[in-house]
Each structure stands twice: as C-alpha cells, then as structure tokens.
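Let us walk through a protein model step by step. Keep the structure open beside you as you read.

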Amino acid sequence: MNNELPPGLALQKVDERIMTLNVGPQHPGSGHMRIIVQIDGDYIVACDPDPGYVHRGEEKMAEYRNYITNIPHLERPVIHDSCNILYPYVLGVEELLGIEVPERAKYIRVIASELNRCVYTMYWLAIYGIFLGHSTMFMWPAGDRELLIDLLEKMTGARVTHAHFVPGGIRNDLPPNFEDVCLRQVNYFEKRIKEYAAIFYDNPILIARTANTGVLSRQDAIRLGTTGSVLRASGVDYDLRKKEPYDVYDELDVHSNVMNEGDSYARSKIPWLDMLESCNIIRQALQKMPKSGSVRVKLKPNPKGKGFDSVYKRVESGRGSLGCYIVSDGKPEPYRLKLSVGSFRNLIALPYLLKGEKLGNMPAVYWSLNYWPVEADR
Amino acid sequence: MSSDSDNEPIETTSDVTPASTKASPPSEKEIELPKFEKGLADKIVEKFDTRIKVAFVKPDRVRINVGRDDIKEVAEFLRDVLNFDHAESVSGVDYPQDKEIEVVYHLGSYTDSSLSRQILVLATRAQREENPIPGNDATKLPSLREIFYSVEFHEREIFEMFGVYFQGHPDNRRLLLPEDWADLPPLRKDFAIKGR
C-alpha cells in the first residue's frame with residue numbers, strides 16, 4: 001500500500017493504543033512549527049518534526065539581488081541575532097571579491113556579534129523560562145536584554161534589524177564615547193546575569209525538570225551532526241571562535257564552555273555560560289581595538305567576483321555553526337546562496353531526544369535545543 | 001547601490017580587483033598550495049585515482065568532484081580513513097545549461113582535532129529533467145544517509161527544492177514546502193519569482 005503513494009506523501013498506521021497529537025503550528029509551545037508526536041499513555045513513542053510554516057525562500061530571493069542589496073533580507077531569519085547571520089555571508093563575499101577589511105572594523109564586528117549573541121540568548125532564555133513555568137525567568141531576561149539592545153541601537157541605529165555588516169567592513173563607525181558606555185553596560189549586564197544562577201540554574205525545581213531528560217550521548221551528538229550548545233553540552237569541545245577563528249578571534253582569549261551531561265540542563269546552561277564568556281570577549285576587544293581608523297573599504301556599485309567560484313564560510317552564532325555557501329558566476333548576483341543554519345542542523349536530534357520521554361517534558365527538551373524555527377525554515 | 005554611498009571615512013575606492021592570494025582559480029602551478037590540504041587531497045587521489053577529480057585546494061577547503069556511482073564509496077573512505085564524521089551542509093545547485101543538478105556535501109570532523117578547521121567539499125551531479133516529476137524521473141542520486149547520518153534532513157530539503165530523489169533514503173518526504181505543492185521544485189533556475 002505504501003509503495004503506491006508518490007514520494008512526499010505518507011500514510012500513518014493507526015494503532016488503538018497510540019494517539020497522534022499535533023503540537024503546533026499555532027500552539028505557542030512549539031514556536032512556528034508543528035511537532036507530530038505519537039503518545040502511548042503519557043510517553044512519547046515517536047516524534048516527527050514538521051518545520052516549514054515560516055519558510056520564506058531567502059535562498060531563492062538572494063539569487064535575484066546583488067551582493068549589497070542582499071544584506072537586509074538575509075538577516076530576517078533571526079532578527080535578534082542579525083549580525084551573526086550576516087557574518088558568514090559577508091566573510092564569503094569578501095573572499096569572493098578579494099577585499100581586505102580594516103582592523104578596526106574587524107574588532108567592531110566582533111563586539112557587535114558578541115552583543116548580538118547575548119541579545120539572542122536572552123530572548124531564548126526568556127522563552128525557555130516561561131515554558132518551564134518560571135515566569136520570573138521570562139521577565140528578567142526580557143528586561144535585561146534592553147541594556148544590550150540600547151547599546152546596539154547606539155552602535156547601528158536600529159534596535160534589532162541592524163544590517164550593520166557589509167562586505168568591506170561595517171556600515172558606520174562607532175558613535176563618540178561608545179567604548180565607555182559599552183564597558184559600563186556590559187559590566188552591569190554581567191552582574192545581572194550572574195544573579196540568574198540563584199534564581200534559575202541552581203533552582204532545585206529547574207534541575208528536577210531538566211536534569212536527565214533528553215540525554216544526548218557524545219557519539220550521537222557527533223553522528224547527528226549537531227552543533228553549538230547542543231554539541232558542547234554533550235562533551236564535544238568544538239567552538240568555531242576557537243577552532244577556526246575568523247576576523248580577530250585569534251587575537252582574543254576565547255574560552256569555550258563544555259559540559260558532559262548531555263541532558264536538557266546542560267544544554268540550557270551552556271548558552272548562559274557563553275553569555276558570560278561574551279562579556280569577557282567584549283571587554284578584551286574594547287581594550288585591543290584600534291582607537292581610530294577606517295571602518296569600511298568602499299566598493300564600486302554592483303561588485304562582482306571574477307568568473308566561476310564558490311566559497312563556504314562559517315561562524316559560531318548563538319545557535320552554533322552558521323555556514324554560508326555562495327556560488328558566484330561572475331555576475332553581481334550570487335548564482336546560488338545556501339545558509340546552513342544551526343537550528344536546522346540541531347532539529348534532527350529532536351526525534352531521538354523525545355522518544356521515550358514523557359509528554360510533559362517536551363517543552364524542556366524542545367526549547368533546550370536552542371532552536372529558532374524561523375531560522376531553520378529560512 | 002546608491003544606498004551604499006554613505007558618510008563614513010573612505011579609505012580606498014573600487015577594490016574589485018581581487019588580491020592574488022584570495023579566491024584564486026585552482027590548478028595553476030605557480031600558486032603554492034597549502035600543505036595539509038594538499039596532503040588530504042593526495043590521499044584521496046591515491047585511493048581513487050581517476051574516478052575523482054580534485055576541483056580546488058584552498059586554505060581549509062578541499063573540493064572533490066565525484067560521479068554518482070562512486071560517491072558512496074568515496075564517502076565511506078572519507079568517514080572511515082580520513083575521519084570526517086558529519087555533514088555541515090548539503091546544497092543543491094541547478095545548472096540548466098549542463099542539464100545537470102549538482103549536490104554539494106560540506107563535510108567536517110568533530111573527533112579529529114587536526115581536521116577541525118577543514119571542510120571537505122564533496123560534489124556530485126544528477127541528470128536534470130526538463131519536466132520534472134520528483135521521485136519518478138531520472139533525477140536520482142544515491143543517499144549518503146547510511147554513511148553520514150546527519151544528512152537526513154538536508155537531503156529531504158534538496159528533494160523538495162530541486163527534485164533530486166535520494167535512493168536509499170528512509171524518509172523521502174517533503175520537509176519545508178506544503179504537502180500540496182504542485183509547481184516546479186522552487187530552487188530550480190526555471191522557477192521564477194513573480195514580478196522579477
């Protein structure tokens with residue numbers, strides 16, 4: 001019977017004991033996606049993630065726009081991590097066009113992308129908190145996030161969709177006196193998020209809900225090709241800022257956070273530790289940054305690469321490795337642009353983690369994957 | 001374009017001529033190839049000889065073009081001997097003028113620390129049908145899912161976006177597109193966006 005169906009359609013067998021439950025796409029607990037779970041009593045026996053409800057065809061749109069006009073729409077998949085999603089694209093275009101970026105711009109990019117990583121992680125932490133029923137953990141990160149959004153607004157002119165990185169550097173230089181304000185805000189931010197340990201991460205209720213749920217072993221984390229906090233929570237020390245430093249990360253002292261448990265608790269703690277590390281990186285970058293100089297190499301209108309070429313660049317975003325594959329055929333528009341995003345790569349772990357879990361543990365496991373549906377769909 | 005001319009300090013103008021070390025065309029003798037990457041490419045050439053073609057060797061990136069019949073064997077060699085353990089990205093590229101669709105695997109390694117910077121680009125091509133019936137025409141490739149587990153969702157995405165059917169994939173279903181999508185696979189070049 002199954003063989004007669006054209007591919008793309010599937011029949012589901014119905015068992016008397018098994019109930020199929022659609023979580024989403026309207027349910028807020030699943031984000032903009034549907035998770036089809038089959039439950040036997042209270043236990044999940046199978047799970048089939050069904051993304052695509054916010055697919056916008058970013059990759060197709062990129063083939064119609066030139067390298068500069070691609071910038072504002074490519075950051076749309078993760079607007080609150082917009083610097084990091086543009087980063088590999090910008091690095092790739094620079095390699096295609098052979099542009100050398102001024103030193104000061106590289107440092108400002110690092111600062112912007114670390115600030116953005118914190119902004120994203122705070123947003124995610126707020127959602128994670130509220131879906132575990134911890135409404136203080138929704139309010140605090142959502143409020144403290146404003147500190148960094150204000151900084152980014154001073155820096156780029158926009159609160160969330162910055163479109164700040166351009167091939168050749170960044171759009172605008174820092175405003176006067178930015179370094180002092182940044183240092184002060186980041187120090188205060190660090191002090192604030194350290195308090196989260198007492199209310200959230202050391203909270204016995206949180207530990208009871210997340211420890212030992214959805215355990216991903218080291219072998220499985222590697223085999224499934226997970227990335228970012230999911231990978232590092234399973235004991236694999238792989239952070240691109242250390243392993244393949246881009247821009248000036250090799251001149252900064254970056255510590256990557258690794259935990260060995262592989263459960264939801266470790267996966268939720270790694271991004272928080274990363275935020276503390278980001279504060280360190282920002283302070284170092286502010287200190288080492290050249291105090292003046294150009295921040296942008298000016299390009300001709302409609303820049304184009306020479307002949308047929310391809311480039312694959314990747315950076316460490318808030319959700320793990322973010323790769324951008326650009327194929328150029330010598331025209332001002334990319335011939336093909338592919339974003340390989342961390343959310344999409346981590347999604348494959350969801351069916352493995354949910355199998356055998358209780359249905360009530362689903363939010364704890366699902367949101368611990370640091371998954372952003374809009375980014376996965378692109 | 002014009003939005004690109006803002007008010008910040010200008011250092012140089014018109015830097016479209018690339019520096020010679022970057023984005024250089026492959027296989028030219030006078031350019032010195034990076035040593036480690038050259039060694040990696042040599043190991044693969046030594047094993048498979050003329051069945052593969054090294055397209056380029058750049059810093060941290062080696063690209064290999066393989067025919068569709070050999071890809072599984074090459075992928076197994078890359079996993080078992082060279083320690084590449086996961087696929088970072090799988091992309092399709094449509095070439096209507098060649099009547100082919102290229103599928104590009106970007107492989108990386110978490111376990112081998114000497115390979116942590118490296119991305120091995122494994123490319124193969126499938127025949128392209130003018131009037132595609134995804135799944136039921138000649139646009140087919142062997143699936144690498146048994147070898148690299150991580151390609152599962154990526155290959156499903158290529159199936160719907162390009163109509164490349166992966167033989168041996170356990171779960172050949174749509175992923176992002178709606179179930180009732182009845183148009184061309186949207187990332188093919190002949191699928192045009194309205195108004196563009």
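Start with burial in chain A. Of its 378 residues, 56% count as buried. Bear in mind that this is a predicted model. Chain A holds 16 helices and 8 strands. Its radius of gyration is 21 Å, close to the 21 Å that the globule rule gives for 378 residues, so chain A is as compact as a globular protein of that length. Along its principal axes, the C-alpha trace of chain A spans about 70 × 55 × 35 Å.

How do contacts in chain A link up the sequence? Take the contacts between residues at least 6 apart in sequence. Among these, 71% join residues at least 24 apart.

Now look at strands. Strands of a sheet pair through backbone hydrogen bonds, either parallel or antiparallel. In chain A, strand E2 (residues 34-40) and strand E3 (residues 43-50) pair in the antiparallel sense, over 7 bridges. A:Gln38 stands opposite A:Ala46 in E3(A). E2(A) and E3(A) form a hairpin, with 2 residues between them. In the turn, A:Gly41 has a positive phi of about 65°.

Further along chain A comes an open sheet. Its 3 strands have the order E6-E7-E8, and the pairing is antiparallel. Which strands stand at the edges? They are strand E6 (308-317) and strand E8 (336-340) of chain A. Each has a single partner strand, so one side of each is left without a neighbour in the sheet. Neighbouring strands of this sheet are turned by 10° against each other on average, direction ignored. Strand E7 (residues 320-329) of chain A is joined to E8(A) by 5 bridges, and the two run antiparallel. One bridge pairs A:Gly323 with A:Ser340 in E8(A). A helix covers part of this sheet: helix H3 (residues 82-97) of chain A lies across E6 and E7 of chain A. H3(A) runs at about 150° to E6(A).

Next, helix against helix. Two packed helices are described by the angle between their axes and the distance between the axes. Helix H6 (residues 178-194) and helix H12 (residues 264-288) of chain A pack at an angle of about 160°, with their axes 10 Å apart. Angles over 145 degrees count as roughly antiparallel. H6(A) and H12(A) are therefore roughly antiparallel to each other. H6(A) passes H12(A) in a left-handed crossing. Several residues make the contact. From H6(A) they include A:Leu183, A:Val186 and A:Phe189. From H12(A) they include A:Trp272, A:Met275 and A:Ile282.

Two asparagines in loops of chain A deserve a look. A:Asn177 lies in the loop between strand E5 (169-170) and H6 of chain A. Its phi is near 70°, a positive value in a residue other than glycine. Is A:Asn177 buried or exposed? A:Asn177 has 9 other C-beta atoms within 10 Å, so it is exposed. A:Asn212 sits in the loop between helix H8 (204-210) and helix H9 (218-223) of chain A. Phi of A:Asn212 is near 60°, again a positive value in a residue other than glycine. A:Asn212 has 12 other C-beta atoms within 10 Å and is exposed.

Now turn to chain B. Here 5 strands form an open sheet in the order E1-E2-E5-E4-E3, with mixed pairing. Strand E1 (52-58) and strand E3 (86-95) of chain B stand at the edges. Each has a single partner strand, so one side of each is left without a neighbour in the sheet. Neighbouring strands of this sheet are turned by 20° against each other on average, direction ignored. Strand E2 (residues 61-66) and strand E5 (residues 119-127) of chain B pair in the parallel sense over 5 bridges. B:Val62 stands opposite B:Leu120 in E5(B).

Helices lie across this sheet too. Helix H2 (residues 71-80) of chain B lies across E1, E2, strand E4 (100-108) and E5 of chain B. H2(B) runs at about 170° to E5(B). Helix H3 (residues 152-162) of chain B lies across E3 and E4 of chain B, running at about 10° to E3(B).

Finish at B:Gly163, in the loop between H3 and strand E7 (165-167) of chain B. With 26 C-beta neighbours inside 10 Å, B:Gly163 counts as buried. Leaving aside its neighbours within four places in sequence, B:Gly163 is in contact with B:Pro132, B:Pro134, B:Thr139 and B:Pro185. B:Pro185 is 22 residues from B:Gly163 along the chain, yet their C-alpha atoms are separated by 5.8 Å.

Notes. Residues numbered from 1 in each chain as written. Chains lettered and ligands numbered in written order. Predicted model: local features only at pLDDT ≥ 70, side-chain atom pairs only at ≥ 80, totals over all residues. Pairing = 2+ DSSP bridges. Helix = DSSP H or I, 4+ residues; strand = E, 2+ residues; numbered from the N terminus. Axes fitted to C-alpha atoms, helices over the stretch in contact; angles between N-to-C directions. Contact = placed C-beta atoms within 7 Å. Rg over C-alpha atoms; globule rule 2.2 N^0.38 Å. Buried ≥ 20, exposed ≤ 12 C-beta atoms within 10 Å, placed from the backbone. Parallel < 35°, antiparallel > 145°, perpendicular 65-115°, else oblique. Left-handed = near helix turned anticlockwise from the far one by under 90°.
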